[in-house]
Amino acid sequence: MQLFTLILITIISVGANFFNLVIIYNSPALWSINNCLLTALTITDFLTGLIVMPCAISALLQGSDAILCKIQGFLVTLFNGASLVMATAVSVDRCSAVYNPYNYLSDLRASRYAISIAAV
């Protein structure tokens with residue numbers, strides 16, 4: 001049952017995030033600086049489903065293999081941490097847009113977004 005649940009979550013996660021990436025790629029209206037952080041969050045979640053979840057499934061199937069468990073633990077921590085930081089960056093960005101809308105538009109800089117994404 002646990003294996004089936006992990007496989008189902010993996011398929012849904014990869015499929016839904018891939019669908020989001022295709023929509024972003026095919027819609028030039030979404031290629032704005034405002035959506036840059038959301039796109040980075042989608043990529044992070046896509047890679048989590050593509051890399052981490054199959055590793056977790058193989059660790060479940062292998063049993064208590066110490067090396068595989070360590071690799072899986074490292075990848076889970078890395079990708080989930082990156083996803084959490086990206087979600088926080090999106091929240092802070094949207095909060096600043098709501099709190100100070102007049103200065104937000106004048107403060108939009110591609111370099112600011114690039115630095116925050118590269119920091120993750």
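Mentor: N26 is located in helix 1, which covers residues 2–26. Helices here are DSSP runs of H or I with at least four residues, strands are runs of E with at least two, and both are numbered from the N terminus. Please bear in mind that the model is predicted, that local features need pLDDT of at least 70, that side-chain atom pairs count only at pLDDT 80 or more, and that totals for chains, interfaces and linings use all residues. Residues are numbered from 1 along each chain as its sequence is written, and side-chain values use heavy atoms, with hydrogens and water left out.

N26 has a relative accessible area of 52% and is therefore exposed. The classes are buried under 20% relative accessible area, exposed over 50%, and partly exposed in between, computed with a 1.4 Å probe on protein chains only. Along the chain, N26 and P101 are 75 residues apart, and their C-alpha atoms are separated by 28 Å.

Further back in helix 1 is T10. T10 has a relative accessible area of 11%, so T10 is buried. Leaving aside residues up to four places away in sequence, T10 touches G49, M53, P54 and I57; contact means heavy atoms within 4.5 Å. S13 is also placed in helix 1.

A packed pair of helices is described by the angle between the axes and by the distance between them. The axes are lines fitted to C-alpha atoms, for helices over the stretch in contact, and the angles run from 0 to 180 degrees between N-to-C directions. Helix 1 packs with helix 2 at an angle of about 160 degrees, and their axes are 9 Å apart. Helix 1 is therefore roughly antiparallel to helix 2. In this scheme, angles under 35 degrees count as roughly parallel, over 145 as roughly antiparallel, 65 to 115 as roughly perpendicular, and the rest as oblique. The crossing of helix 1 and helix 2 is left-handed; a crossing is given that name if the near helix is turned anticlockwise from the far one by less than a right angle, and is right-handed if clockwise.

Helix 2 also packs with helix 3 (residues 66–99), at an angle of about 160 degrees and with the axes 9 Å apart. That makes helix 2 and helix 3 roughly antiparallel, and their crossing is left-handed.

The contact is made by C36, L37 and A40 on the side of helix 2, and by Y113, S116 and I117 on the side of helix 5. A114 belongs to helix 5 as well and is partly exposed at 44% relative accessibility. Although A114 and L37 are 77 residues apart along the chain, their C-alpha atoms are separated by 9.0 Å.

C36 raises the matter of disulfides. The structure holds 0 of them, a disulfide being a pair of cysteine sulfur atoms within 2.5 Å. For C36, the closest cysteine sulfur is that of C95, and a bond is ruled out because the distance is 19 Å. C55 is likewise in no disulfide, the nearest cysteine sulfur being that of C69 at 9.0 Å. As for accessibility, C36 is partly exposed at 30%, whereas C55 is buried at 11%.

Finally, there is the matter of charged pairs. A salt bridge is a side-chain nitrogen of Lys or Arg within 4 Å of a carboxyl oxygen of Asp or Glu, and the count comes to 1. It joins R94 to D93, with the closest N and O atoms 3.5 Å apart. R94 is partly exposed, at a relative accessible area of 29%, while D93 is buried at 5%.
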